[in-house]
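User: I would like to go through a structure step by step, please. Could we begin with the terms and then look at single residues?

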Amino acid sequence: RQNGDLITQTDRTFGELGYDLITVSGIGLNEAIVEFYLSPGLIIGEDSYLNLIFNNSSLFDFNNSGFSVLLNGTVIGDARLSNQDQTTATKIQKIKIPQSLVVPGINQLRIQAELTPMSSCSSLDSKLWLTVLPESLLHLPLVDAPVGDIELVDLSVYPYPFLNVSTLSDTAFVLSKSPASWAVAAQIASGIGRQAAGAILDIEAAYDGEIPQEVRDHNDLIIVGLPSDMKIIAELGNALPGSFEADSNSAIIKNQQIIYRFSPDLNLGYLELLTAPWDVSRTILAVVGSSEDGVRLAGNALTDSTLRSGLRGNFALVNGGSVIAADTRTGQGLGSISSESTGQTVVATENSPVTTPVAAATRLTWIPLVVIALIVLIIIVLVVAVRSARRDNSNPG
């Protein structure tokens, strides 16, 4: 089941977002989480709300039991479970959603329930429950965001922009001819397809080196495969956040005066998001790796909700079960990559207008010379002092 979905229409039930019956149970504070995604460039209208449909067991201490609903960490509504007659039957709680709390990308609803039994008998633990029904409804009328509020495209909002059209007709896969890349592409396409609102999907696919011009001109592209096998990766060159040398699958990140190189001996996945050089209105996502296993790791980061929550910026390094993200446009996260990854960090000695380490070394070469000069001067002073003392002793008059 794919939990969390892209909001592309005004009304979406929890069931349509991928959530079945949600049950919070047990004595004390417990919670359930519902996630949804909002495309950058959109904001919600002021009349947005949540209709939470729920029921619960009849074994609570109703004076001390209730629940709260938080949106992105801020409480937006709560209710006390007042008595058996009112709340053990299915009930609808309408909660207003403030426009300022919904952000582009991942939004998180937390349903936190404080469940207190009528007595301290621990055997009641499993009999205390609050159930949220899949018919619960998010009413989010969407409007265009003010131009100044639109941010850079970011991995944190994936699967945007590949879900802009409900039928996926403006998304195309570019594949190497390796069957391993086909499996990864199928996994990614399945994840996007489950979240698409269209009844019929019209997604394109083409082999690398055989991309029809129409596909290139009118689609956002998801590239899957080993970089050394793909002509389009070579064509993109330095436009990629992490580029690749000829016949190499090891990514290189160039930022200011530091070049980050990752070991070719490791199975590393790379996710790279960029604007198409031939059309600024089109987006490219490269799902690549240092090996075929690395490509699979990169694909998993897009389909595993735990890994996907760590995506941000325009470059992500996937190493086993961990994701290290960075933004080469701003420099954010690059220090994290160098310290946490098992790759190598190399100081740039070329492709940089100023090579700081070399310049620093040049500035510091005077220090040994000064030290030597001081030592020589001290020796000269001592010699002169000793000779003067001897002349004074030999001529007491």
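Analyst: Let us begin with a term that is needed throughout: helices (H or I, at least four residues) and strands (E, at least two) are DSSP runs, and they are numbered from the N terminus. Please also keep in mind that this is a predicted model.

User: Where is Leu168, then?

Analyst: Leu168 lies in the loop between E13 and E14. Although Leu168 is not a glycine, its phi is positive, at about 65 degrees.

User: Is Leu168 buried or exposed?

Analyst: Leu168 has a relative accessible area of 1%. Buried means under 20%, so Leu168 counts as buried.

User: Which other residue has a positive phi although it is not a glycine?

Analyst: Asn72 is one, with a positive phi of about 50 degrees. Asn72 sits in the loop between strand E7 (66-71) and strand E8 (74-80). At 31% relative accessibility, Asn72 is partly exposed.

User: Back to the loop between E13 and E14. What kind of peptide bond joins Tyr158 and Pro159?

Analyst: That bond is cis, with omega at about 20 degrees. Pro159 belongs to the loop between E13 and E14. A cis peptide bond also runs from Tyr160 to Pro161, with omega near 5 degrees, and Pro161 has its place in the loop between E13 and E14 as well.

User: And which residue can you tell me about in strand E13?

Analyst: Leu142 is found in E13, which covers residues 142-144. Leu142 is partly exposed, with 25% relative accessible area. Leu142 and Leu42 are 100 residues apart along the chain, and their C-alpha atoms are separated by 6.3 Å.

User: New topic. How many salt bridges does the structure hold?

Analyst: The structure holds nine salt bridges. In general, side chains of opposite charge can pair when their charged atoms come close.

User: What does Lys177 pair with in a salt bridge?

Analyst: The partner of Lys177 is Glu210, and their closest N and O atoms are 2.8 Å apart. Lys177 is exposed at 53% relative accessibility, whereas Glu210 is partly exposed at 46%.

User: What about Glu245 and Arg261, how far is N from O there?

Analyst: The side chains of Glu245 and Arg261 meet in a salt bridge at 3.4 Å, N to O. They too link distant parts of the chain, 16 residues apart: Glu245 is in the loop between helix H4 (231-236) and strand E17 (252-255), and Arg261 is in strand E18 (residues 258-261). Glu245 has a relative accessible area of 45% and is partly exposed; Arg261, at 31%, is partly exposed.

User: Which salt bridge does Arg296 form?

Analyst: Arg296 forms one with Asp293, the closest N and O atoms being 2.3 Å apart. The two residues are three apart in helix H5, so about one helical turn separates them. An α-helix has 3.6 residues a turn, so residues three or four places apart point the same way. Arg296 is partly exposed at 35% relative accessibility, and Asp293 is partly exposed at 37%. Elsewhere, salt bridges that share partners join Asp170, Asp220 and Arg282 into one network.

User: What span should the 12 residues of H5 have, and what is found?

Analyst: At 1.5 Å a residue, helix H5 (residues 292-303) should span 16 Å, and its end C-alpha atoms are 17 Å apart, so the two agree. Its buried residues include Gly294, Val295, Leu297 and Ala298.

User: Last topic: which residues form the negative surface patch?

Analyst: The patch is formed by Asp202, Glu204, Glu214 and Asp217. Asp202 lies in the loop between helix H2 (179-195) and strand E15 (204-207). With a relative accessible area of 43%, Asp202 is partly exposed. Patches take residues with over 30% relative accessible area and no salt bridge, so Asp202 passes the area cut-off.

Note on methods:
Residues are numbered from 1 along each chain as its sequence is written. This is a predicted model: local features need pLDDT of at least 70, side-chain atom pairs count only at pLDDT 80 or more; totals for chains, interfaces and linings use all residues. Side-chain values use heavy atoms; hydrogens and water are left out. Patches are made of residues with over 30% relative accessible area and no salt bridge: like charges are joined within 9 Å, nonpolar side chains (Val, Leu, Ile, Met, Phe, Trp, Tyr) within 5 Å. Accessible areas come from the Shrake-Rupley method with a 1.4 Å probe; for residues, only the protein chains shown count as cover. A salt bridge is a side-chain nitrogen of Lys or Arg within 4 Å of a carboxyl oxygen of Asp or Glu. Lys and Arg count as positive and Asp and Glu as negative; His and the chain ends are not counted. The place of a charge is taken as NZ of Lys, CZ of Arg, CG of Asp or CD of Glu. Buried means under 20% relative accessible area, exposed over 50%, partly exposed in between (1.4 Å probe, protein chains only). The expected span of a helix is 1.5 Å times one less than its number of residues.
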